[in-house]
Amino acid sequence: MITLEDVHKSFGPKQVLRGLDLHVPRGESMVIIGGSGTGKSICIKCILGLVTPDSGRITVDGVNVQKAERDAFLARFGMLFQGGALFDSMPIWQNVAFRLMRGSLKRPKAEAYEIAVEKLRRVGLSPDVAPLYPAELSGGMQKRVGLARAIAADPEIIFFDEPTTGLDPIMSGVINELIREIVVEMGATTVTITHDMTSVRTIADRVAMLHDGVIKWTGPVSEMDASGDAHLDQFIHGRADGPIASLR
Amino acid sequence: MSARLISKPLAAIGRSVLQLLAAIGRVAIFAASVISHFFRPPFYLKELLQSILNIGYFSLPVVGLTALFTGGALALQIYAGGARFSAEAVVPQIVAIGMVRELGPVLVGLMIAARVTSSIAAEIATMKVTEQIDALVTLSTNPMKYLAVPRVLAALITVPLLVGIGDIIGIMGGFIVATQSLGFNAATYLHNTANFLEPLDIISSLVKGAVFGGIAATMGCYYGMNSGRGAQGVGRATKGAVEAAAVLILAANFLLTGVFFSV
Ligand SMILES: Nc1ncnc2c1ncn2[C@@H]1O[C@H](COP(=O)(O)OP(=O)(O)O)[C@@H](O)[C@H]1O
Ligand SMILES: [Mg+2]
């Protein structure tokens, strides 16, 4: 469904993506792992058209993302940003219901509120937080609000950028289960970025390892442990020595 | 050797001129794009009203105080200066002209640059840095329409009104000083003021207000949306926006005064 071919992206002299190829099949959960600063977030921002790659081709259902009709294209996506990216000028429930209150998906305010509260419940937040402002919540709570916003309009394709970073182990478990549920129940196609190997094992159908601007290894999660790839093994087992330098 | 000595600084000057031209081009394209979005839906009425409140209504105290003190000081100066050649009587006329043609629009414009440009730039830059602008895009909302258009439109609507109010309060400041401490007769003062002002004075004042408001809000949005990363990026964006707005307002004032009043 989503295909990246030979994608390059540099910032000044810094080459972040150096010919990245990746295919995400429909209805599957792809997990991208890799050290911090390797370009995982940039990679999904390229798919969404938030960042324009220097070269290469990115297609969704065979349509080039740069040429797609923007509104219709973006309406299919949900995105959880690494930092939450909540709108701090509006209360939590309006953040979650943002998409349901304007544009083509607009519906009555009361209904939008109901949906927002329901999505908040799914990410483990009580309706009490609905009228609060983002600055009044902890980082982990903000992350979960961002997650609720990403799934609010039941999109077909959802990107989760480090959904469990900053959460306690129990809440991480809840979020991992939730993402798995979204894939299984809603049939959504998801791409999740994470460092958390528990997340990988719970969420993933397929895993891709990003390093040095390319996908070093990709395959079904079941084959991850026996991949024989030195980069992947080092990452999975969190070893300091191996082909991935700890100085980056 | 001597050719190099000459060509090096020339090249440096040329480079800066080109950079300046490129920057002007980018701002012009940005402004044109904002204007083009005025007429294309969707329109965000709630954001527009909020901006009108923020830019117009909440600027009233600072605009009022600035104008009041300036009008008062102007009356004192004109009286003292006029006394040197027995022309004290021109206080009402010169205060009126000075406030309406120049000081009203310029001071309100600069106050708006300080108060509104800075807050727009800091707010939008923070949104950019914390990925809120990216989030808007992924939620199918055009940041130009949602953030820039309401602010620029609100400034175009409210700043002329603020200038009008500033003009009136400035004249009142002069009136208070002249009648309370310089011994002018109240009725004569008002009569002279009203008789002296021409419609063109007032029109030029309001037009300047609209142009300065447009400049102030556009610079805030432009610098905010092009902010660099991190807290430092937000600081730079805010500083750049206020500087650019203030300089452009003064330059535009010079041009507009030329257009309206040079015969
Ligand atoms: N707007 C930008 N300007 C310059 N460098 C950037 C920008 N965005 C990201 N980078 C750089 O690109 C690299 C990859 O970033 P990112 O995709 O966020 O990493 P991660 O894999 O941790 O998500 C980082 O080294 C970062 O410094
Ligand atoms: Mg990242």
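Start by selecting helix α4 of chain A, residues 109-122, where A:A112, A:I115, A:A116, A:V117, A:K119 and A:L120 are buried. Buried here means under 20% relative accessible area, exposed means over 50%, and partly exposed lies in between (1.4 Å probe, protein chains only). Helices are DSSP runs of H or I with at least four residues, strands are runs of E with at least two, and both are numbered from the N terminus. An α-helix has 3.6 residues a turn, so residues three or four places apart point the same way.

Before you go on, note that this is a predicted model, in which local features need pLDDT of at least 70 and side-chain atom pairs count only at pLDDT 80 or more, while totals for chains, interfaces and linings use all residues. Residues are numbered from 1 along each chain as its sequence is written, chains are lettered from A and ligands numbered from 1 in the order in which they are written, and side-chain values use heavy atoms, with hydrogens and water left out.

Now show α3 and α5 (139-151) of chain A: the buried residues of α4(A) pack against both. Contact means heavy atoms within 4.5 Å. Next, check the length of α4(A): its 14 residues should span 20 Å at 1.5 Å a residue, and its end C-alpha atoms are 20 Å apart, which agrees. The expected span is 1.5 Å times one less than the number of residues.

**The magnesium ion**

Select ligand 2. Which residues coordinate the magnesium ion? They are A:S41, through OG, and A:Q82, through OE1, at 2.0 to 2.2 Å. A:S41 sits in helix α1 (residues 40-48) and A:Q82 in the loop between β6 (77-80) and α3 (92-96) of chain A, so the pair ties together parts that are 41 residues apart in sequence. Donors are N, O and S atoms within 2.8 Å of the metal (3.2 Å for Na, K and Ca); water is not among the atoms, so the site may look incomplete. Colour by accessibility and you will find A:S41 buried at 18%, while A:Q82 is partly exposed at 34%.

**Aromatic pairs**

Stay in chain A and select A:F77 and A:F159. Their ring centres are 5.5 Å apart and their planes at 40°, so the pair is tilted. Rings of Phe, Tyr and Trp (its six-membered ring) pair if their centres lie within 6.5 Å; planes under 30 degrees apart count as stacked, over 60 as edge-to-face and the rest as tilted. A:F77 belongs to strand β6 and A:F159 to strand β7 (residues 157-161), so the pair ties together parts that are 82 residues apart in sequence.

For an edge-to-face pair, move to B:F175 and B:Y189, with centres 5.5 Å apart and planes at 70°. B:F175 is in helix α6 (residues 143-181) and B:Y189 in helix α7 (residues 186-196) of chain B, 14 residues apart. B:Y189 is buried, at 1% relative accessible area. Then select A:F87, A:F98, B:Y44 and B:Y146, which form one aromatic cluster.

**Chain B as a whole**

Finally, zoom out on chain B. How many helices and strands does chain B have? There are 9 helices and 0 strands. Its C-alpha atoms fill a box of roughly 65 × 65 × 35 Å along the principal axes, and 46% of its 263 residues count as buried.
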